[in-house]
Structures are given as C-alpha cells and as structure tokens.
Amino acid sequence: MTDTIPADGSSLNDDDLQLLRAFSLKTQDYLSESTFNKLQYTFPRSGLCNLRRARRRIECLSGFKPARYEACINSCINFNVPAYSDLDACPKCGQPRYAAGNKPRKPYIYNPIIPRLAGLAANHTTATQGQYRAREHVHRPGVTTDIFDRQHYRSLCGQYVTIDGQRLGHRHFSDHRDVALGLSTDGFSPFKGR
C-alpha cells in the first residue's frame, strides 16, 4: 500500500477499496481485532494488512487526524496547554505526568469536529439529509414531531446571531445550510473520573 492519496482526491486504488471494505465488515459485524488480523492470511492476494496499519491508512485517506493529548491522571489539567506543556507533574494535585518509560499516564485522543462536518457536507447523501430541516420539515403549531418543533429552536430562529456582544446581520438557522450541533452526555462525566 502506498502512503499517498490520489492527487485529485476523487478516486481510490484497488488496495484502498479492499481495505475499506474489510474495515467496514469489521465495524458493521463487530469483528475482533484478532479476526481482522487473520484476514490478511486467509486472503493473501487481497493486499490486506493488520488492524493497526489499516487504521493508519484509513486515517490518511479520511483527510483528518485525531489530536493526541495528555491529561493529569486525576483530570485536573491538560498538559498540552502552553502554561503546562513543560511540566512533569500536575500543579494542582502533584501527580507525575509520566509513568515508567516516559509514557504519559493519561493520554487521550480528540477528534476535531470541523473535518468531520466538512466530510459530511462533502458526501451528497449526508449533505441532503442535513437539509431536512429547511427542505422537508413542516412545522405545525402545537405539534411536536422532532427537535425543530421545540420552543427553544423556534425562539432561536427569530433571534439575530450575536458573537462577543456584536450582533450580526442574520438570524439563527436563516440559511438552509446552517448546522445546529447538539451534545449528548450519556456516559460522559465532565468532572474527574468517567
């Protein structure tokens, strides 16, 4: 497999297509890492590789890369913030940043949202689905069928967008391409621990 993406970004070679099909099978049918790694030996002419290399290649093909960060073991701080980047211990709780072998004690990965949104917008199917609010949904007063019928959304539609105290010349969701992001916190704890 090569490590370059086609210059025009519009086509994939046969090896990449095989890899994406195999990875899709893994994710849709919940194949274990061990089973995925056996595919390269079961189908030796397929050009498949192990899961670690597959993920790196797919990451390259996707056009965006997760950002890797280090946090205090007690979730006090993010060591990647300039004020803490040179520290070897947390200034809040005193816990060391690194474990044996100079490995971060609490690394985590952040997937930036902008490349994901750009990817969704670049796909015709998801871009069309994203315009449901403006093109298909019909609001009937007193009837709630989805989020676009809720009072908060309806009130936002009448308000001008304000950033840092400065009112802009357009209202929320006035353009059919506007995107509203929601945050689901199921299984997520914003404070120390999981």
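Is Tyr132 buried, exposed or partly exposed, and what is its relative accessible area? Tyr132 comes out partly exposed, with a relative accessible area of 29%; here buried means under 20%, exposed over 50% and partly exposed in between, using a 1.4 Å probe and protein chains only. A heads-up on the model: it is predicted, so local features need pLDDT of at least 70 and side-chain atom pairs count only at pLDDT 80 or more, while totals for chains, interfaces and linings use all residues. Residues are numbered from 1 along each chain as its sequence is written, and side-chain values use heavy atoms, leaving out hydrogens and water.

**View A. Tyr132 and Phe148 form a tilted ring pair.** The ring centres sit 6.0 Å apart with the planes at 50°. Rings of Phe, Tyr and Trp (its six-membered ring) pair when their centres lie within 6.5 Å; planes under 30 degrees apart are stacked, over 60 edge-to-face and the rest tilted. Tyr132 belongs to helix α6 (residues 132–135) and Phe148 to the loop between α6 and α7 (151–157), so the pair ties together parts 16 residues apart in sequence. Helices (H or I, at least four residues) and strands (E, at least two) are DSSP runs, numbered from the N terminus. Phe148 is buried at 17% relative accessible area. Ring pairs also bring Tyr153 and Phe173 into a cluster with these two.

**View B. Helix α3 lines up its buried residues on one face.** These are Leu51, Ala54, Arg57, Ile58 and Leu61. At the N-terminal end, Asn50 is the cap, with a side-chain oxygen 3.2 Å from the backbone nitrogen of Arg52. After α3 comes Gly63, with a positive phi near 90°.

**View C. The largest nonpolar core has 10 residues.** Among them are Leu19, Phe23, Phe36 and Cys49.

**View D. Glu70 sits in strand β1 (residues 67–70).** Glu70 is buried, at 17% relative accessible area. Its side chain makes a 2.7 Å polar contact with that of Arg97; that term covers N or O pairs within 3.5 Å, where within protein one atom must be able to donate a hydrogen and the other to accept it, and residues adjacent in sequence count only if both atoms are side-chain atoms.

How values were computed:
The arc is that of the directions from the helix axis to the C-beta atoms. A nonpolar core is a set of buried Ala, Val, Leu, Ile, Met, Phe, Trp, Tyr and Cys residues joined through side-chain atoms within 4.5 Å.
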